[in-house]
Amino acid sequence: MKKSIIWLLTIVMGITFCALLYFQITYLENMVKMRESQFSEGAMRSLYGTVGLLERRETMHFLEQDIRMINSYDSDGEEDPTELLTTEELFPIPQPGKNPVISYRQPTEKLEKRYHELQSAIWEQYVYQRGLLDEVILSILYDGARRPVLERADADTIRKVLTVELANNGLEVPFSFAVTDNNTIIYSTPDYDPDKSEKQIYSARLFPNSNSRYELKVEFPTKANYIYSSVRFVIPTLALSILLLAIFIFTMILAFRQKKLGEMKTDFINNMTHELKTPISTISLAAQMLNDDSVRKSPETLHHISEVINTESKRLRFQVEKVLQMSVLDNSNSALNFRTVDANKIIAGVVSTFKLKVERFGGRLSFINDAEEAMVNVDEMQFTNVIFNLLDNAVKYRNEDVEPELTVKTSDMDGKHLRIQIRDNGIGMKKEDLKKIFEKFYRVHTGNRHDVKGFGLGLAYVQRMVTIFNGTISVESELGKGSEFTIVLPLAQS
């Protein structure tokens, strides 16, 4: 699949997933806001209902007191001042044995007069009752303001009334409350937290018609659970969408890595063919020359051909060894023979062997042994290959215009670790190459693919082995000035 198609699919699927997540998150936010608004509205209705009921209960308390006083007043035999008229005065009953003189004008005038007297009496009775009612109201306001708040609204009454009001508004949730006077708590339930924000506390003034300063404040500890429980069915879908997005991103990363790995393997096969073809062709040509009688008669020619065959055989064996190193990278269970060895001696042996190759290019390889303690627990053969690979890389990426200068240095680090530094004056590397040089099949390009020898396995193999040895490897490099690899290995326990 082309890289452009992969990118197109990635962009389209990415936009689709982002849009889906956006709509789900927006829907979830709107649902939460709506449920929170409904909760707040129900909570405030419950508070106002509680406050109103407490006020009505207080009014009933004082009315009952006044009724008891009135009943006590009537039982003492006092005349009711409101009884001003009788039915006999309004409609006189005829006496037996008398013949009253019927006068049509006189009764009419008397009825008129009595009507006005009755109307006046009713008005006076209304004014009297109105005055009594005003006195009762003023008495309630005055006496109510003087009553202690615990008598006007005790905790048990508030809890019972508020529980009923919340249930009537569909909010059967636990709550805590407090009664305050100018933000000073008079009494509260044990679980009331006054430090919560104003958004989490609902308040209403107690006895507002009497200009009371008391406030009833209520908080709901499980408000968030109540709100989100109603929209919890959306959360799994959102989580699944996020999981699908993560899987998609991971799949795309794998796709790009696989494509990159495929390109590297193709490059590796082409390079391997190029690397193996040269010594095979040389050996084949030398074998054909041996079939020539004239060549066989010349000792010098035979000696030269034998040297070519030997050199190219070593080169071929070295390239095959590089390919076999891939099995070590892919198989962490490869058999390794760990034992305690002197790193200085092994490095000195590799330097001695490799020095001839460096001198062939007119360069110099030096070894500085500053480590007093260099006993490490490693696989000797693999450790030797690690040092050899780093030196081979230094020669491979040498600067053609400068004689190669290689330095291997060992030193003590902190009494517990050994530091090995391999420095060269080669072509160096760019910063973007430093991040990738330890990847399998990756090779630093120099503009021409065939200028770069090897299979891109050397540094990946080195890092793998150093990690198995419980060590670390790092690199510092500057383009055109060379590179320095640093290996840190733990010293063997004495």
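## Phe-175 and Phe-177

Phe-175 and Phe-177 are both buried (under 20% relative accessible area with a 1.4 Å probe, protein chains only; exposed is over 50%, partly exposed in between). This is a predicted model, where local features need pLDDT of at least 70 and side-chain atom pairs count only at pLDDT 80 or more, while totals for chains, interfaces and linings use all residues. Residues are numbered from 1 along each chain as its sequence is written, and side-chain values use heavy atoms, leaving out hydrogens and water.

## Aromatic pairs

Searching the whole structure gives 10 aromatic pairs (ring centres of Phe, Tyr or the six-membered ring of Trp within 6.5 Å; planes under 30 degrees apart are stacked, over 60 edge-to-face, the rest tilted). One of them is the tilted pair of Trp-7 and Phe-256, at 4.8 Å centre to centre and 50 degrees between the planes. Trp-7 belongs to helix 1 (residues 3–74) and Phe-256 to helix 7 (residues 234–290), so this pair ties together parts 249 residues apart in sequence (helices are DSSP runs of H or I, at least four residues; strands are E, at least two; both numbered from the N terminus). Trp-7 is partly exposed at 45% relative accessible area, and Phe-256 is partly exposed at 21%.

Ring pairs also join Phe-39, Tyr-202, Phe-220 and Tyr-226 into a cluster.

## Around Ser-477

Ser-477 sits in strand 10 (residues 472–478) and is buried, with a relative accessible area of 19%. Leaving aside residues up to four places away in sequence, Ser-477 touches Gly-428, Met-429, Leu-434, Gly-482 and Ser-483 (heavy atoms within 4.5 Å).
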